[in-house]
Amino acid sequence: MKTPDTTSTLQQTARRAWDILVRNTADDTRTDERYAAWGQSLEHFSEGGMPVTAEQTEIAEFLQLLASSSVTEPMDDDACKGAYDSAEGALGYETESPVSLPDGYWSRHQAAVVASFGGAAEHAAAYLDHSSSEVLDRLAQPTQPDARRSRGLVMAHAGSGKTHAFTALAAKAMDAGYRLVIVVTGPQNIQRLQIQQALDAHLVDGEQDPILRITTAEHDYRGNGDDRQLWKFERQDPALPLNTAYNLRHTAPRLLAVKRNANVLGRLVRDLAAYGAGLSEVPALVIDDEPDPWSAVSTVRPGRLRPVTSELLAQLLELLPRSQYVNYAWTPFARSLLDPAREGALFPADYIARLPRPDSYLGAIEVSDGNAHVTRLWRDGGMSRDEDSSLRQALDMFVLTGAVKLFRQATSRTYHYRHHTMLVHGTNRNADQQQLFDRLLRLWEEADYGVEGSTQQLHRLFDAELLRTDGSYEEGTCLPAAFEELLPYIRDAAERIGASSSPVAGMRATRQEPWKILVGGSVPPGDFEVEGLTITHLRQPAGDGAGIRSLGEWFGRHHGYRDLVRMYVQLDAGQDEEWIRARERFESLCRAEVAFRSQLQAIAASPGTDELRSAELPSLAAYHLSRRRRQADTGSGGTVSLWRVHRSGDPMVGTGWDSGVLLPDPCRTGSAG
């Protein structure tokens with residue numbers, strides 16, 4: 001609608017405010033001096049008068065600010081009442097918001113994304129904008145009069161930038177007026193550190209930024225005097241609730257990244273409980289960055305007690321009447337769906353949303369479909385029982401693929417690569433990681449990339465691997481006609497990787513350098529996001545869920561280099577059978593994910609949307625499990641695991657990977673949820 005001029009806006013707003021004040025103020029309070037001053041000013045403005053006294057000028061400025069905010073667009077009383085009555089459902093957000101930051105936190109995050117994604121920046125920013133708005137629209141309006149909680153689940157794709165996704169949601173939520181944002185990370189320090197650094201880099205602009213960081217890269221939530229002091233939300237206007245547009249505009253957001261640890265969450269719950277009723281008007285967003293849900297497949301069992309961390313998280317939500325809980329999981333097998341009775345208050349009763357699969361993505365579908373490139377990537381190639389040999393080949397391919405990226409970048413405007421990364425997984429023992437670090441440095445120095453004699457092995461690798469293109473990906477056609485064209489780019493790639501103090505860095509480094517070899521332990525895959533991951537080197541995967549899932553470390557968005565992604569696995573003597581089992585478990589996990597996602601599409605809340613009806617998920621899971629079980633029974637005459645499609649001589653039969661792992665009996669019969 002057309003915006004009225006300043007005088008009429010002030011007059012209309014004053015009339016509305018005066019009417020509300022008269023109708024909602026008890027008779028015995030109307031002698032209050034503050035009421036009298038406001039009453040006289042509002043009556044004066046309602047009759048078309050202009051400010052005369054300093055007090056009237058201040059009130060007029062407030063009314064004009066209120067009139068321009070998203071919650072006071074001129075409307076009649078019935079329309080206003082209707083807007084309040086509609087607060088029971090999900091509310092859409094106006095473009096205008098009560099945030100105090102002039103350019104908005106979303107604009108800041110968007111600029112950071114554009115700077116970090118290189119050639120894919122435009123699509124990445126649009127993807128994050130759309131996906132975060134889809135979730136934001138399902139949250140309660142921060143300024144609505146009645147407190148309302150919500151619980152939801154967002155299904156993402158492994159390696160698709162989940163941290164960017166929920167950082168975008170946090171940014172837009174703060175722009176909309178949310179003044180407490182809590183991100184619950186994985187249980188390891190490195191997981192919390194990565195997310196804290198991402199939040200700081202994309203949302204916080206120096207020490208003078210309005211955001212009050214209760215946690216930092218240096219420390220998790222400690223619950224000391226300094227931390228507790230930040231829980232005091234002061235109202236700019238004590239006469240108005242905190243969650244009015246005026247007060248929210250003058251209230252600094254609080255931002256925390258806390259790891260999923262009983263001691264840390266216990267301190268947080270203790271301090272929130274001590275603050276009590278003071279939190280009733282605080283719009284709060286709680287983002288749960290779920291740890292590796294595939295490992296939950298092997299740990300969730302019927303009858304087990306709820307984890308202490310889940311219980312504490314449920315208590316935290318109970319202490320925040322205006323909390324919006326959003327669980328981000330990167331597969332459809334989220335813990336709250338595997339065992340809804342056990343998760344209780346964390347079950348996504350209000351909504352389930354799916355983030356779209358990004359472009360240039362490699363993942364479970366490629367494995368399930370038997371894509372030729374992916375099969376060669378992790379099943380047939382890169383196997384070695386000699387650690388030096390497998391590491392040396394991985395290093396050669398890392399330099400070679402880096403050179404191809406630079407070639408593409410120089411010959412086509414379509415491609416720009418800010419990051420180029422190789423990830424080498426070892427154990428969690430510091431001594432083992434240091435030994436691996438030293439070995440990689442030695443191999444790098446021995447290779448002496450860029451020197452004329454060092455290119456012979458790269459020439460052989462180029463002919464044997466990179467020229468074997470099957471045309472699956474468009475970028476696969478952008479290769480030099482002869483290896484000699486790559487020579488200047490090989491030297492450039494080696495220089496970029498070896499820049500700064502060392503070509504090798506630890507995953508615990510304070511920031512990820514653009515071109516680097518990273519060394520880490522057995523952090524569950526997907527819980528630590530690596531930009532530009534092209535080459536992965538693994539030891540023999542463990543037999544648990546997280547170990548099997550590590551074979552999908554390469555899952556993710558690879559704009560302009562899908563054909564270059566490679567994985568190398570080191571096998572020790574006598575591990576052939578273990579490798580076969582791990583490989584086949586991984587394949588069946590991927591098939592299960594693809595099948596489950598395709599069936600989720602069938603029960604979308606309405607055609608063409610990405611929202612699902614939460615109550616139907618347990619029965620869908622039961623149908624999914626029983627259907628796969630019947631198919632397996634028909635093919636083999638006996639029961640096989642959910643994670644298998646029957647094949648002759650199946651080594652997985654009888655290993656304990658039973659479908660009952662997924663859901664307790666009430667859910668498998670469709671009676672829960």
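Select T167 and its contacts (heavy atoms within 4.5 Å). Leaving aside neighbours within four places in sequence, T167 is in contact with H109, L199, H202 and L203. T167 is found in helix α7. Helices here are DSSP runs of H or I with at least four residues, strands are runs of E with at least two, and both are numbered from the N terminus. T167 is buried, with a relative accessible area of 1%. Buried means under 20% relative accessible area, exposed means over 50%, and partly exposed lies in between, for a 1.4 Å probe and protein chains only.

A word on the model before moving on. This is a predicted model, in which local features need pLDDT of at least 70 and side-chain atom pairs count only at pLDDT 80 or more, while totals for chains, interfaces and linings use all residues. Residues are numbered from 1 along each chain as its sequence is written, and side-chain values use heavy atoms, with hydrogens and water left out.

**Stay on α7**

Select A173, also in helix α7. Its relative accessible area is 0%, so A173 is buried. Not counting residues up to four places away in sequence, A173 touches L136, Y178 and L285. A173 and S133 are 40 residues apart in sequence and 9.5 Å apart in space, C-alpha to C-alpha.

**Bring in α6**

Select residues 121-136 for α6 and 162-176 for α7. The two helices pack at an angle of about 60°, and their axes are 9 Å apart. Axes are lines fitted to C-alpha atoms, for helices over the stretch in contact, and angles run from 0 to 180 degrees between N-to-C directions. α6 and α7 are therefore oblique to each other. Under 35 degrees counts as roughly parallel, over 145 as roughly antiparallel, 65 to 115 as roughly perpendicular, and the rest as oblique.

The crossing of α6 and α7 is right-handed.

Which residues of α6 and α7 make the contact? On α6, show L128, D129, S132, S133, V135 and L136. On α7, show H164, A165, A168, L169, K172 and A173. By class, these residues of the α6 and α7 contact divide into seven nonpolar, three polar and two charged. Ala, Val, Leu, Ile, Met, Phe, Trp, Tyr, Cys and Pro count as nonpolar, Asp, Glu, Lys and Arg as charged, and the others, Gly among them, as polar.

**Step back to α5**

α5 passes α6 in a right-handed crossing. From α5, the contact uses W106, H109, Q110, V113, V114 and F117. From α6 come A121, A124, A125, L128 and D129. The contact of α5 with α6 has eight nonpolar, two polar and one charged residues.

**Jump to S150**

S150 sits in strand β1, residues 150-155. At 2% relative accessibility, S150 counts as buried. Not counting residues up to four places away in sequence, S150 touches R138, L139, S323, Q324, Y325, D350 and Y351. Pick Y325 from that list. S150 and Y325 are 175 residues apart in sequence, yet 6.0 Å apart in space, C-alpha to C-alpha.

**On to α13**

Select residues 308-319, helix α13. At 1.5 Å a residue, its 12 residues should span 16 Å, and the end C-alpha atoms are 17 Å apart, which agrees. The expected span is 1.5 Å times one less than the number of residues. T309, S310, L312, L313, A314, L316 and L317 of α13 are buried. What covers them includes β2 (180-185), α11 (262-275), β5 (284-289), β6 (323-329) and α15 (340-343).

**Two loop residues with positive phi**

Find S360, in the loop between β7 (351-354) and β8 (361-362). Phi of S360 is near 60°, a positive value in a residue other than glycine. Buried or exposed? S360 counts as buried, at 12% relative accessibility.

Then go to D448, in the loop between α19 (430-447) and α20 (456-466). D448 has a positive phi of about 50° although it is not a glycine. D448 is partly exposed, with a relative accessible area of 42%.

**Zoom out**

Show the whole chain. There are 25 helices and 16 strands. Of its 673 residues, 56% count as buried. Among contacts between residues at least 6 apart in sequence, 80% join residues at least 24 apart.

Technical notes:
A crossing is left-handed if the near helix is turned anticlockwise from the far one by less than a right angle, and right-handed if clockwise.
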